[in-house]
Structure formats: C-alpha cells, structure tokens
Amino acid sequence: MKHIAALQAAVTAAEFDREPTAAELDAIEREMPLIVAEVDLLDVQIGLLDRAATVLDERRVRRARKRVLAARRDLTNRAATALTGGAA
C-alpha cells in the first residue's frame, strides 16, 4: 500500500503557510468598522441567550443592528465610490 499523505501535505502547505499580503491587510482595515459592529451585536445576542430580554435589552439589540447596517452601508458606498471614481 502506498502512502500519499506526506506528498499531499507538501503540496498544500505552501498555499496556506504564508503571511497576509498588504492588499489583504488593507481590505481587513477597510472592513474593521463592520467587523467591530458585528462583534458588538454578537456580544449583545450572546448576553441574551440564557435570559428573557428586557426593554433595555431590546434597545441594545436594535442599536447594535443599526450600527451593523450603517457600517455595511458605509462600506458598500465606499466600494461603489472607489469603483466609479468618485461622486458625480
């Protein structure tokens, strides 16, 4: 029986065993406000897993969702502006 696991690992290791490029780091930096807003929303939702939501909790969830939507809108608008070359 022929073992190919070592050969396969040698082929696939080079693709994933690297540092992020400058372009990838820039993309992460541009998306950071959205990432932070989504983490905040997730924190609020996790806090509500084991108890009933109060009026204040519902406000927190609503505000966190609004921040996520605003961050998505801003990111989309920035991408659209970059693609079109600016405002008309």
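Mentor: Helix 2 and helix 3 run roughly antiparallel to each other (an angle over 145 degrees). This is a predicted model, where local features need pLDDT of at least 70, side-chain atom pairs count only at pLDDT 80 or more, and totals for chains, interfaces and linings use all residues. Residues are numbered from 1 along each chain as its sequence is written, and side-chain values use heavy atoms, leaving out hydrogens and water.

Trainee: At what angle do helix 2 and helix 3 pack?

Mentor: You compare axes, lines fitted to C-alpha atoms over the stretch in contact, with angles from 0 to 180 degrees between N-to-C directions. Helix 2 (residues 22–47) packs on helix 3 at about 165°, and their axes are 9 Å apart.

Trainee: Which residues in helix 2 meet helix 3?

Mentor: Look for contact, meaning heavy atoms within 4.5 Å. Helix 2 brings residues including Leu 34, Ala 37 and Leu 41, while helix 3 brings Val 61, Ala 64 and Val 68, among others. The residues of this contact divide into 10 nonpolar, one polar and eight charged (Ala, Val, Leu, Ile, Met, Phe, Trp, Tyr, Cys and Pro count as nonpolar, Asp, Glu, Lys and Arg as charged, the others, Gly among them, as polar).

Trainee: Is Asp 57 buried or exposed?

Mentor: Buried means under 20% relative accessible area and exposed over 50% (1.4 Å probe, protein chains only). Asp 57 lies in helix 3 (residues 55–84) and is buried because its relative accessibility is 4%. Leaving aside neighbours within four places in sequence, Asp 57 touches Leu 48, Arg 51 and Ala 52. Of the 88 residues of the protein chain, 12% count as buried.

Trainee: And what about Lys 66, buried or exposed?

Mentor: Lys 66 is in helix 3 too, but at 56% it counts as exposed. Its C-alpha atom is 9.5 Å from that of Leu 41, 25 residues apart along the chain.

Methods: Helices (H or I, at least four residues) and strands (E, at least two) are DSSP runs, numbered from the N terminus. Angles under 35 degrees count as roughly parallel, over 145 as roughly antiparallel, 65 to 115 as roughly perpendicular and the rest as oblique.
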